[in-house]
Amino acid sequence: MSKEAAEQHKANGNKLFAEKRFEEATKEYTNAIIKDASVPVYYTNRAICYLKLEKYDQVISDCRKAIELDPQLALNKLKIGYQLAIQQKVKYVNDILQALLLARKKKWEDDEAIRLEKESELLRYVKGLIEKERKELLEKEGTDEEAVDTINYNIDEKLRKVENVFVQSRENATRRDIPDAYLDKISFNIMHDPVFTPDGITYERQSLLDHFKRNGYFDPITRKACKESDLVPNLSLREAIEDFLKDNGWAADY
């Protein structure tokens with residue numbers, strides 16, 4: 001029922017778009033997304049409406065969401081993870097630790113490369129839509145030089161604004177590296193409640209407690225006896241991680 005309702009909203013949006021009623025069309029595509037948020041075309045259709053309305057942040061946001069829903073992109077990420085898993089050939093605990101940290105970093109770097117490439121594709125896509133609009137307007141105006149100059153000026157302004165949005169987005173994402181010390185040595189996720197073991201090794205508390213339940217009461221790296229009451233909060237590291245996350249919100253998804 002939701003899918004049928006979503007398709008009806010999309011059809012309504014398409015009709016309104018054809019009538020150049022972009023605000024109303026946007027609402028219909030939004031309703032389609034509310035009914036079924038898994039369909040990329042609802043986001044791309046709404047993005048085109050936002051483009052017409054010169055709401056460039058929303059254009060980019062919707063295009064990014066559509067890219068996230070693209071099955072081919074998901075497949076590419078799975079392939080990266082699979083290849084990294086095959087490449088690691090380690091025998092000892094410390095070797096495993098270092099190799100997994102390396103694999104995690106390599107996957108992050110590969111994902112970053114994909115993200116940046118998709119950003120570039122997205123920019124080309126949006127600029128292509130704007131250039132298409134330029135062509136349509138110029139064909140309509142014919143040889144009226146004043147009208148042509150006005151069209152070119154307005155389109156160039158749109159292109160400039162879009163470029164600026166992307167530049168700002170890139171500048172906000174310049175720091176994309178997480179210190180190894182901030183990563184849990186069991187889950188390899190960034191820590192939120194780091195604790196010391198008696199051997200001075202830091203782990204995420206919950207990861208270590210889960211390890212105790214699964215494998216027994218010992219330090220995963222040194223293999224020496226360790227229990228929950230032996231754990232000491234690493235307050236200085238927790239504060240450093242909290243400060244890092246304040247300035248690097250993206251790291252929460254690492």
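Which helix gives the most to the negative patch? In this predicted model, the answer is helix α7, which spans residues 145-171 and supplies three residues to the patch. The patch of negative charge lies on the surface and gathers E141, D144, E145, E146 and D149. One of these residues, E146, is found in helix α7. E146 has a relative accessible area of 64% and is therefore classed as exposed, since the cut-off for that class is over 50%.

E133 is placed in helix α6, which runs over residues 93-141. The relative accessible area of E133 is 14%, and because a value under 20% counts as buried, E133 is assigned to the buried class. When neighbours within four places in sequence are left aside, the contacts of E133 are K52, I155 and K158. The separation of E133 from I151 was also computed: the two residues are 18 positions apart in sequence, and their C-alpha atoms are 9.6 Å apart in space.

Pairs of opposite charge were examined next. Side chains of opposite charge can pair when their charged atoms come close. Over the whole structure, the search finds 17 salt bridges. One of them joins K10 to E7, with 3.5 Å between the closest N and O atoms. Both K10 and E7 belong to helix α1 (residues 2-18), where they are three residues apart, or about one turn of the helix. E7 has a relative accessible area of 38% and is partly exposed, as this class lies between the 20% and 50% cut-offs.

Further salt bridges involve R21. The side chain of R21 meets that of E19 in a salt bridge with an N to O distance of 2.6 Å. R21 also forms a salt bridge with E24, and here the closest N and O atoms are 2.8 Å apart.

Key. Residues are numbered from 1 along each chain as its sequence is written. This is a predicted model: local features need pLDDT of at least 70, side-chain atom pairs count only at pLDDT 80 or more; totals for chains, interfaces and linings use all residues. Side-chain values use heavy atoms; hydrogens and water are left out. Patches are made of residues with over 30% relative accessible area and no salt bridge: like charges are joined within 9 Å, nonpolar side chains (Val, Leu, Ile, Met, Phe, Trp, Tyr) within 5 Å. Accessible areas come from the Shrake-Rupley method with a 1.4 Å probe; for residues, only the protein chains shown count as cover. A salt bridge is a side-chain nitrogen of Lys or Arg within 4 Å of a carboxyl oxygen of Asp or Glu. Lys and Arg count as positive and Asp and Glu as negative; His and the chain ends are not counted. The place of a charge is taken as NZ of Lys, CZ of Arg, CG of Asp or CD of Glu. Helices (H or I, at least four residues) and strands (E, at least two) are DSSP runs, numbered from the N terminus. Buried means under 20% relative accessible area, exposed over 50%, partly exposed in between (1.4 Å probe, protein chains only). Contact means heavy atoms within 4.5 Å.
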